[in-house]
Amino acid sequence: QVRLVESGGGSVPLGGSLTLSCVVYGVDPWSKTMHWFRQPPGKARTVIANMDRWGSASYAESVQGRFTVFRDSDKNTIYLQINSLSPEDTAVYYCNQDGNNQWGPGTQVTVSA
């Protein structure tokens with residue numbers, strides 16, 4: 001059974017940075033594409049970044065150039081470096097693997113103007 005544990009969120013000022021982590025238990029995270037999602041207050045959860053099995057990353061237009069996905073294969077951990085934060089980035093951030101419908105708790109990112 002897949003278990004996902006996100007961490008690293010917090011409250012940051014405008015323009016700040018954070019590195020989010022997602023540890024994956026119960027499955028080889030690199031066997032399928034991994035995704036980062038976010039859910040702003042009162043809105044739907046949407047995908048913002050992806051990393052395929054071979055380590056290639058892609059991004060939603062809204063975060064392109066500011067967010068970077070990377071991974072530590074030995075630790076079964078995928079990361080999301082987020083820079084130049086604005087209030088519009090305030091959301092709960094989640095990771096997940098292709099085809100998995102179980103979600104972790106997410107990690108809250110709050111950006112103050």
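Where is Thr 90 found?

1. Thr 90 sits in the loop between β8 (77-82) and β9 (91-97); strands here are DSSP runs of E, at least two residues long, numbered from the N terminus. This is a predicted model, where local features need pLDDT of at least 70, side-chain atom pairs count only at pLDDT 80 or more, and totals for chains, interfaces and linings use all residues. Residues are numbered from 1 along each chain as its sequence is written, and side-chain values use heavy atoms, leaving out hydrogens and water.

2. Thr 90 counts as buried because its relative accessibility is 15%; buried means under 20% relative accessible area, exposed over 50%, and partly exposed in between (1.4 Å probe, protein chains only).

3. Now for its neighbours. Not counting residues up to four places away in sequence, Thr 90 touches Pro 40, Pro 41, Gln 108, Val 109, Thr 110 and Val 111; a contact means heavy atoms within 4.5 Å. A polar atom of the Thr 90 side chain lies 3.0 Å from the backbone nitrogen of Val 111.

4. β9 runs antiparallel to β4 (residues 34-39), joined by 6 bridges, and Phe 37 has Tyr 94 as its bridge partner. On to β10 (residues 107-112): it is also antiparallel to β9, with 3 bridges, and Ala 91 stands opposite Val 109. Two strands pair if DSSP finds at least two bridges between them.

Note on methods:
Helix = DSSP H or I, 4+ residues; strand = E, 2+ residues; numbered from the N terminus. Polar contact = N/O pair within 3.5 Å; in protein donor to acceptor, adjacent residues only side chain to side chain.
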